[in-house]
Amino acid sequence: MCATCGCEANTATMMTNLQTGASTEITAIGQEARHEHVHADGTRHAHEHGHDHHYHDHDHRHGHDRLPGEGRGLKVEIEARVLAKNDAVASRNRAWLGGREILALNLVSAPGSGKTTLLERTIAELGGRPPVFVIEGDQATANDSARIQKAGAPVAQINTGAGCHLDAEMVRRGLAELKPAVGAVLFIENVGNLVCPALFDLGEHAKVVLFSVAEGEDKPLKYPHMFQAAELVLINKSDLLPHLDFSLDEALANVARVNPRARTMTVSARTGEGLPLWIDWIRERVRQAQEVALP
């Protein structure tokens, strides 16, 4: 369940291994988070179910006796438990990745910013050194995964249904399915959304935010939490700059205003402009991940 919108409630999350074609249903963190029963006499029984916790909130008063805002405490409690459980799984993911010297990057953006095109180009530019594995997140279809597989990388597709983000348990299952090689790069292409993915640690080493020049210079100001969580911001589709009323200087200033620590790069996944700097950044982060793993 998303702590912001509760989007994952009662939706099926499916994982498909593009290499084998096998599909498996995943129970996302908090997917079963809350059920509320109203008995004939008006008594309410709200409870949360989870794999490693069980929480009950019994309210034996009739609905008209409840005070305004009552029940919010239960919602806050469930949200806190969902995020705490996610963080625990994320920590295990991080340890698993660290023990195998695998660099994990969480790619986030609004829909249509160019994440998949960037990944296709990145896979080609890296040329298998290091090897690339991808966990692909979308609400529906395996279209992007098919593109990634064609580009030459093993990929697991996670379809979240009505869910608006990936969580740490989905990534854990994806890792178990993909079995990325020691020293590899794992790209997690999150669901296109600049709100909820900011809340969920997946165990990644860094969040990389993309936004394109077609989206407007004020994107960082509109979605500050996502940009504050980013280590790197890629401004994509630079090849369109001559055709758009877009101020690159203003966009960079807005990123710096929201997150002065974030590094920025201007790239075109279509033409390759700026990609050498991006590839160098990845290789440097791989080296750092390997150094951290040394005894």
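## Some words to start with

Buried means that a residue has under 20% relative accessible area, exposed means over 50%, and partly exposed lies in between (1.4 Å probe, protein chains only). With that in hand, we can look at Lys-179: at 60% relative accessibility, Lys-179 counts as exposed.

This is a predicted model, in which local features need pLDDT of at least 70 and side-chain atom pairs count only at pLDDT 80 or more, while totals for chains, interfaces and linings use all residues. Residues are numbered from 1 along each chain as its sequence is written, and side-chain values use heavy atoms, with hydrogens and water left out.

## The whole chain

The protein chain has eight helices and 12 strands. Helices (H or I, at least four residues) and strands (E, at least two) are DSSP runs, numbered from the N terminus. Of the 295 residues in the protein chain, 50% are buried.

A contact means heavy atoms within 4.5 Å. Take the contacts in the protein chain with a separation of 6 or more: 69% of them are between residues 24 or more positions apart.

Nine strands form an open sheet in the order 2-1-8-7-9-6-10-11-12, and the pairing is mixed. Two strands pair if DSSP finds at least two bridges between them. Which strands lie at the edges? They are strand 2 (23–26) and strand 12, each of which pairs on one side only. From one strand to the next, the twist averages 20 degrees. For angles like those in this report, axes are lines fitted to C-alpha atoms, for helices over the stretch in contact, and the angles run from 0 to 180 degrees between N-to-C directions.

Follow the sheet from strand 6 (residues 103–108): strand 6 pairs with strand 10 in the parallel sense over four bridges. Here Asn-106 has Lys-207 in strand 10 as its bridge partner. Helix 2 packs on the sheet and touches strand 6, strand 7 (132–138), strand 9 (185–189), strand 10 and strand 11. The direction of helix 2 makes about 170 degrees with that of strand 9.

## A closer look at strand 11

Is strand 11 (residues 232–236) mostly covered or mostly open? It is mostly covered, as five of its five residues are buried. On one side are Leu-232, Leu-234 and Asn-236, on the other Val-233 and Ile-235, and all of them are buried, so both faces of strand 11 are covered.

Strand 11 has a partner on each side. Strand 10 (residues 206–212) runs parallel to strand 11, and five bridges join the two; Val-208 has Leu-232 of strand 11 as its bridge partner. Strand 12 (residues 263–266) also pairs with strand 11 in the parallel sense, over four bridges. In strand 12, Arg-263 stands opposite Leu-232. To get from strand 11 to strand 12, the chain passes through helix 7 (residues 248–258), and this β-α-β crossover is right-handed. Right-handed means that, with the strands pointing away from the viewer, the path from the first strand over the helix to the second runs clockwise.

## Two helices side by side

Helix 2 (residues 115–126) and helix 3 (residues 143–151) have axes that come within 9 Å and cross at roughly 10 degrees. That makes helix 2 roughly parallel to helix 3, because angles under 35 degrees count as roughly parallel, over 145 as roughly antiparallel, 65 to 115 as roughly perpendicular and the rest as oblique.

Which residues make the contact? Helix 2 contributes Thr-116, Thr-117, Leu-119, Glu-120 and Ile-123, and helix 3 contributes Asp-144, Arg-147, Ile-148 and Ala-151. By class, there are four nonpolar, two polar and three charged residues. Ala, Val, Leu, Ile, Met, Phe, Trp, Tyr, Cys and Pro count as nonpolar, Asp, Glu, Lys and Arg as charged, and the others, Gly among them, as polar.

## Details of the backbone

Most residues other than glycine have a negative phi, and most peptide bonds are trans. Keep that in mind for the next residues. Glu-101 is not a glycine, yet has a positive phi of about 55 degrees; its place is the loop between helix 1 (72–99) and strand 6. Lys-179, also not a glycine, has a positive phi of about 50 degrees and lies in the loop between helix 4 (168–178) and strand 9.

Arg-129 and Pro-130 are joined by a cis peptide bond, with omega about 0 degrees. Pro-130 sits in the loop between helix 2 and strand 7. Arg-283, in helix 8 (residues 275–293), touches Glu-125, Leu-126, Arg-129 and Pro-130, not counting residues up to four places away in sequence.
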